[in-house]
Amino acid sequence: MKQLRPLTITGGCLVTPDGVKPGVIRLAEGKIVALGDIPPDDGDKIVDAKGQLVAPGLVDLGVFAVDRPAFHFGGITRAALMPDQLPPLDLPSRVSYIAKSGKPDLWIHPLAAATRNLDGYELAELGLMRNAGARGVATGRSWIADSGVMARLLGYAAMLDLPVIAHPEDGGLVGEAVATAGEMATRLGLPSAPQQAEVLAVARDIALAEMTGARLHIRQVTTVAALDLVRAAKQRGVSVTAGVTPAHFMLSDLATAEFRTFANLSPPLRPEIHRQAVIAAIGDGTIDVVASGHDPRGPEDKRLPFSDAKPGMAGAETLLAMTLTLVRDGLIDTARAFDLMAGAPARLLGIEAGVLQEGYEADIALIDPERPWVVDSRKMAATAGNTPFDGQPAQGRAIALFKGGVPIG
Amino acid sequence: MASMDTSSTSGRFPAGGQAFPHRDLLGIGQVERHEILFLLDEAEQWVEMNRQSAKHSDTLAGLTIINAFFENSTRTLLSFEIAGKRLGADVVNMHAAQSSVKKGETLIDTAITLNAMRADAIVIRHGSSGAVDLIAGKVDCPVLNAGDGQHEHPTQALLDALALRHALEARGEGSEDFTGLTVTICGDILHSRVARSNILCLTALGASVRLCAPPALMPAGIEAMGARPFTDFDEALRGTDVAMMLRLQTERMSGQFIPSAREYHHLYGLTRERLERCAPDALVMHPGPMNRGVEIDSEVADMLDRSIITRQVEMGVAIRMACLDVLTRKGRGVPGWGDNDGGRQKDEGQWV
């Protein structure tokens with residue numbers, strides 16, 4: 001749907017990279033045309049933000065399902081879809097189909113499968129998939145075990161200037177594990193893998209990115225030592241970015257007590273020391289992206305014994321509220337929170353969105369950062385309610401959403 | 001001391017249902033020390049009865065007990081079946097390993113099916129940790145865990161404690177608990193639910209527990225459960241009062257954990273020479289099935305004065321009788337075990 005009539009949002013607090021300031025924003029023909037201390041033009045439709053935050057629509061990097069109601073509930077206007085679909089996104093035709101699937105009110109940016117059928121052996125047709133609309137390449141739910149394949153992938157992606165989104169877990173160490181080795185997994189008797197599985201994978205992928213000059217984005221970095229590796233690589237000037245989902249800064253492996261399968265995630269939840277390290281890494285800029293990892297799973301995948309259940313959480317609805325807890329804790333400011341959830345992922349994908357800036361896409365979320373609500377797995381907008389935050393009080397909700405200047409819902 | 005009169009324990013434990021205020025027996029992790037002692041004391045009467053020629057009680061007459069075993073088992077299943085039958089219950093065995101589960105039915109659906117058949121107690125063994133907890137949440141009769149994955153096997157720990165208590169009594173060293181006793185559990189700790197339940201049970205009863213396994217078979221963070229890990233078997237055995245041997249659970253291993261059975265025996269097999277390193281008259285235990293010549297030598301397993309392996313099997317029936325009796329008391333309307341004086345709220349611990 002095209003924006004037919006210019007729209008001006010008044011009376012809000014604009015979330016810009018320089019901070020939050022009162023101001024007005026004018027949207028026309030799907031773009032941001034002016035912002036700051038400007039008067040509305042005659043004939044504009046006027047929306048009064050009533051003092052709430054006027055923020056860029058969130059850009060969710062690395063989701064597993066196109067789940068429009070959940071994304072809109074969560075203030076998400078764009079999502080980069082992981083290639084782990086049925087069938088996988090390893091052909092240009094599938095990529096171009098997915099690239100159009102969300103329009104007009106939700107834009108899906110497909111991530112191309114790095115290898116055919118995501119099996120980690122043969123490179124997929126990355127150049128053709130880029131032309132079909134792929135904004136990045138992803139290894140899927142698991143790593144590429146063969147270092148030779150990974151090196152060639154990174155070199156090829158560097159040539160195409162596509163970011164490579166990697167899943168950092170050494171498959172040999174992980175095996176059938178569903179938990180991080182430690183007291184919790186031992187008490188529960190869950191098959192577990194040492195956290196070094198992540199450290200090894202991050203170390204290898206950074207070394208190969210350094211060698212090939214590729215843009216490497218590690219989708220979830222969740223351990224003390226792996227975060228140190230990312231920090232050091234950034235200091236050396238390696239083109240590496242790191243992401244995380246709210247589960248790994250809100251929860252430790254204590255959440256798996258009583259075999260709660262909603263807390264069965266990939267990578268698995270870690271002992272508390274790692275959660276603290278993730279929080280510190282968000283604070284010092286080592287972590288660039290906070291994403292939902294949205295992966296709705298119904299009872300057929302989750303109402304099972306813990307180690308038989310599929311990993312993943314429906315995270316789109318809680319991404320905003322959980323990230324805003326970091327603002328209330330004084331770890332980051334509001335501008336940084338929206339850089340984590342919108343600005344940085346948009347830059348990574350090379351799209352002109354995710355920031356309130358003239359000429360950029362008019363993807364806007366009106367947000368009440370204080371609005372209290374309770375996460376309830378039975379009442380979620382998502383196709384399944386598998387949230388590890390079930391029953392938890394939360395604060396912060398998107399109250400209106402505009403995609404390309406057009407109101408949603 | 002043992003008598004057919006259940007009131008023999010009165011005064012030492014909370015009255016009525018408060019002595020064991022749980023609907024299910026899911027693990028030793030959920031029960032208190034005095035509740036363990038209560039179950040052990042309750043079992044004494046059944047030990048006595050099982051040694052008579054007429055081994056029958058009508059305590060559970062008319063009740064239906066379903067043994068749902070989703071994993072192969074011989075001795076535990078047999079032990080539960082005998083326990084139920086000696087108490088007069090109608091016992092039905094479901095070998096789920098070769099049933100509708102193979103046809104794709106989910107565990108929850110199977111549980112709901114069993115529940116609809118109005119069982120008075122369900123005994124479950126399953127290959128996945130937490131599976132029994134999951135079923136317990138979906139049925140409205142008592143559930144007994146007969147082993148879930150690598151998590152817990154509570155009746156095994158209880159029968160081990162009872163066997164140990166009897167052996168110490170026979171020797172004139174009997175006391176209520178195991179304070180001052182050192183127990184070394186050796187073998188595949190990583191994959192062993194027996195080890196986990198025994199660590200919890202033995203430490204709750206005051207014993208010091210040592211664990212011994214090659215590094216690949218020792219779970220991370222196990223010392224947080226109150227046990228001391230060793231890799232050197234001779235060191236672990238030094239001065240120990242009880243050596244509890246576990247078998248290698250090769251069926252749970254993906255990949256190689258030890259080079260060979262021969263090498264394992266060389267490093268971790270309990271031989272007569274190694275037994276000398278333990279305390280004088282140290283006892284030998286094994287939950288079975290034994291792999292003679294791997295973790296334990298035949299001559300050690302068969303030492304009449306030291307090995308209590310067959311006594312463990314004997315106590316198994318008595319412990320399971322006690323558990324079935326205690327858990328069905330509320331359903332049978334035993335005075336003091338009614339609706340209002342046991343049973344915890346299921347949904348405690350909500351966020352809001």
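Helices (H or I, at least four residues) and strands (E, at least two) are DSSP runs, numbered from the N terminus. This is a predicted model, in which local features need pLDDT of at least 70, side-chain atom pairs count only at pLDDT 80 or more, and totals for chains, interfaces and linings use all residues. Residues are numbered from 1 along each chain as its sequence is written, chains are lettered from A and ligands numbered from 1 in the order in which they are written, and side-chain values use heavy atoms, with hydrogens and water left out.

**View 1. Cis peptide bond at Pro104(A).** Pro104(A) sits in the loop between α2 (92-101) and β8 (107-113) of chain A. A cis bond links Lys103(A) to Pro104(A), with omega about 5 degrees.

**View 2. Cis peptide bond at Pro289(B).** The bond joins Gly288(B) and Pro289(B), and omega is about -5 degrees. Pro289(B) belongs to the loop between β9 (283-285) and α10 (298-301) of chain B.

**View 3. Positive phi at Lys50(A).** Phi is about 50 degrees, although Lys50(A) is not a glycine. Lys50(A) lies in the loop between β4 (45-48) and β5 (53-56) of chain A.

**View 4. Helices α5 and α6 of chain B.** The axes of α5(B) (residues 154-170) and α6(B) (residues 193-204) come within 8 Å and cross at roughly 55 degrees. Axes are lines fitted to C-alpha atoms, for helices over the stretch in contact, and angles run from 0 to 180 degrees between N-to-C directions. The two helices are therefore oblique to each other. Angles under 35 degrees count as roughly parallel, over 145 as roughly antiparallel, 65 to 115 as roughly perpendicular and the rest as oblique. α5(B) passes α6(B) in a right-handed crossing (the near helix is turned clockwise from the far one by less than a right angle). Contact (heavy atoms within 4.5 Å) involves residues including Pro154(B), Ala161(B) and Leu164(B) of α5(B) and Val194(B), Cys201(B) and Leu202(B) of α6(B). By class, the contact has 7 nonpolar, 3 polar and 1 charged residues. Ala, Val, Leu, Ile, Met, Phe, Trp, Tyr, Cys and Pro count as nonpolar, Asp, Glu, Lys and Arg as charged, and the others, Gly among them, as polar.

**View 5. Helices α5 and α11 of chain B.** α5(B) packs against α11(B) (residues 309-327) at about 120 degrees, with the axes 8 Å apart. That makes the pair oblique. The crossing is right-handed. Among the residues that meet are Leu159(B), His166(B) and Ala170(B) in α5(B) and Arg311(B), Ile319(B) and Cys323(B) in α11(B). The contact divides into 9 nonpolar, 5 polar and 3 charged residues.

**View 6. Largest cavity.** About 170 Å³ of space lies in this cavity, and 16 residues line it. Phe64(A), Gln220(A), Ser266(A), Gly293(A) and Gly312(A) lie nearest its centre. The lining has 5 nonpolar, 8 polar and 3 charged residues. On a 1 Å grid over the protein atoms alone, a cavity is a set of points where a 1.4 Å probe fits but cannot get out, and lining residues have an atom within 4 Å of a point. Grid points are joined across faces, edges and corners, and a volume is the space filled by probe spheres set on the points.

**View 7. Second largest cavity.** This cavity holds about 60 Å³ of space. Its lining includes Val178(A), Met184(A), Asp253(A) and Phe306(A). β11 (179-180) and α6 (183-188) of chain A each supply at least two lining residues.

Note on methods. On a 1 Å grid over the protein atoms alone, a cavity is a set of points where a 1.4 Å probe fits but cannot get out, and a pocket is an open set with protein on both sides within 12 Å along at least five of seven lines; lining residues have an atom within 4 Å of a point.
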